Amino acid sequence: MASKVNLDKSDSPRVSWEKGLARKPRILLAASGSVASIKFGILAESLSDWAEVKAVATKSALHFVDKSALPPSVPLYTDQEEWGSWSKIGDEVLHIELRKWADALVIAPLSANTLAKVAGGLCDNLLTCVVRAWDFSKPIFIAPAMNTYMWDSPFTRKHLLAAQELGIILISPIAKKLACGDLGNGAMEEPSVIDSTLRLALLKTMSFNARVCGKRKWIMEQSAEDENSTVEAGEVRKEHPFRARKLSRCSGALLPVAIFTCLLPPLL
Ligand SMILES: Cc1cc2nc3c(=O)[nH]c(=O)nc-3n(C[C@H](O)[C@H](O)[C@H](O)COP(=O)(O)O)c2cc1C
C-alpha cells in the first residue's frame, strides 16, 4: 500500500510578505553523503526564515543528518518515501512532484559522488532523479564538500565544468581544517554564507520576474480586449516566477554566470 506524500501544489498567491512577491520562494534543499551534512539542520532552519523549504537526503547523507535539528515545517524525503509513495499506475511519482513544486534546488552539501552523477546525468536515487527531471529555467545551486584530495582531483574539475555548462550555480568550498583532520580546500561554505547567497539570488530574481510578469499581464489583458487578439488574458496568471525567462533573460541568464564567476575558485 502506497503511503501518500502530501505536497501543497497550490500556485495561488498567499499573503504578500515581500514587496512585489505573491509568495515565498520554494526551496528544495538536498543533502548528500558528506560529513558537512551535520550542518543540514542549521541551513534548513535559516532558509525557513524566508522560504518554504522541503528537504531531500541521500542514503549516505542520513548517516550525518540530524533529523531532530530540522524545523517542523521542513519535511524530509528519502528514497524510502520515493518508493513508498508509489504502488500503481496513476500514483504520483515523488521526484516529479518535488521538481514541479520547487522554484530552486540547493544541494548542500554536494558529495563528490553526487557531483559525478549530476555531471553524467545518472539518476539512481530520489535526489538525482529530481536533478535529471529538472526544469533548467529554474536555478540549481551546489555547495560541494569533500576532502582536499577529492576536491583537487581532475574528476572534480571535469564534473564542475559539466555542471557549469548546465547552468548550475557553484557556491565554492572553503579552505579549513577538514573533518578528517587534513587542512585544505574542500569544506562546505558556512550555512550563513549559503543562506545569504541564496537569499540575494532568489529574492532578487523573483521580485524582478514578478515585476516583469505584472507588466506582461497588463499588456496581455490589453491585447485580449482587442477583438482580433488570440491571446488569453488569464494565461499569464499561471506564469511561474522563474518562467518569465524570455523577458528576464537579461537578469536570469547573467545571474548564474555572475555568481559562478565570483565564486569559482582558482582551481578552474
Ligand atoms: C565518514 C565518511 C565521511 C565522508 N565524507 C565525505 C565528504 O565529505 N565528501 C564526499 O564527497 N564524500 C564523503 N564520503 C564518501 C561518500 O559518503 C560516498 O561517496 C557516498 O557514496 C556518497 O553517496 P551520495 O552521493 O549518494 O550521498 C564520506 C564517507 C564516509 C564513510
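A residue is buried if 20 or more other C-beta atoms, placed from the backbone, lie within 10 Å of its own C-beta atom, exposed if 12 or fewer do, and partly exposed in between. This is a predicted model: local features need pLDDT of at least 70, side-chain atom pairs count only at pLDDT 80 or more, and totals for chains, interfaces and linings use all residues. Residues are numbered from 1 along each chain as its sequence is written.

**View 1. The protein chain has 10 helices and 8 strands.** Helices (H or I, at least four residues) and strands (E, at least two) are DSSP runs, numbered from the N terminus. The chain has 268 residues, and 38% of them count as buried. Two residues are in contact if their C-beta atoms, placed from the backbone, lie within 7 Å. Among contacts between residues at least 6 apart in sequence, 74% join residues at least 24 apart.

**View 2. The shell around the ligand has 15 residues.** Ser-32, Gly-33, Ser-34, Thr-58 and Ser-111 come nearest. Helix 4 (residues 112-120) gives the most to this shell, with 3 residues. By class, the shell holds 7 nonpolar, 8 polar and no charged residues. Ala, Val, Leu, Ile, Met, Phe, Trp, Tyr, Cys and Pro count as nonpolar, Asp, Glu, Lys and Arg as charged, and the others, Gly among them, as polar.

**View 3. Helix 4 packs on helix 7 (residues 154-165).** The angle is about 45°, and the axes lie 9 Å apart. Axes are lines fitted to C-alpha atoms, for helices over the stretch in contact, and angles run from 0 to 180 degrees between N-to-C directions. Helix 4 is therefore oblique to helix 7. Angles under 35 degrees count as roughly parallel, over 145 as roughly antiparallel, 65 to 115 as roughly perpendicular and the rest as oblique. From helix 4, the contact is made by Ala-112, Leu-115, Ala-116, Val-118 and Ala-119. From helix 7 come Phe-155, Thr-156, His-159, Ala-162 and Ala-163. The contact has 8 nonpolar, 2 polar and no charged residues.

**View 4. Ala-116 sits in helix 4.** Ala-116 counts as partly exposed because it has 15 C-beta neighbours inside 10 Å. Leaving aside neighbours within four places in sequence, Ala-116 is in contact with Phe-155 and His-159.

**View 5. A cis peptide bond runs from Ala-108 to Pro-109.** Its omega is near 5°. Pro-109 is found in strand 4 (residues 104-110). Most peptide bonds are trans.

Key
Near = placed C-beta within 6 Å.
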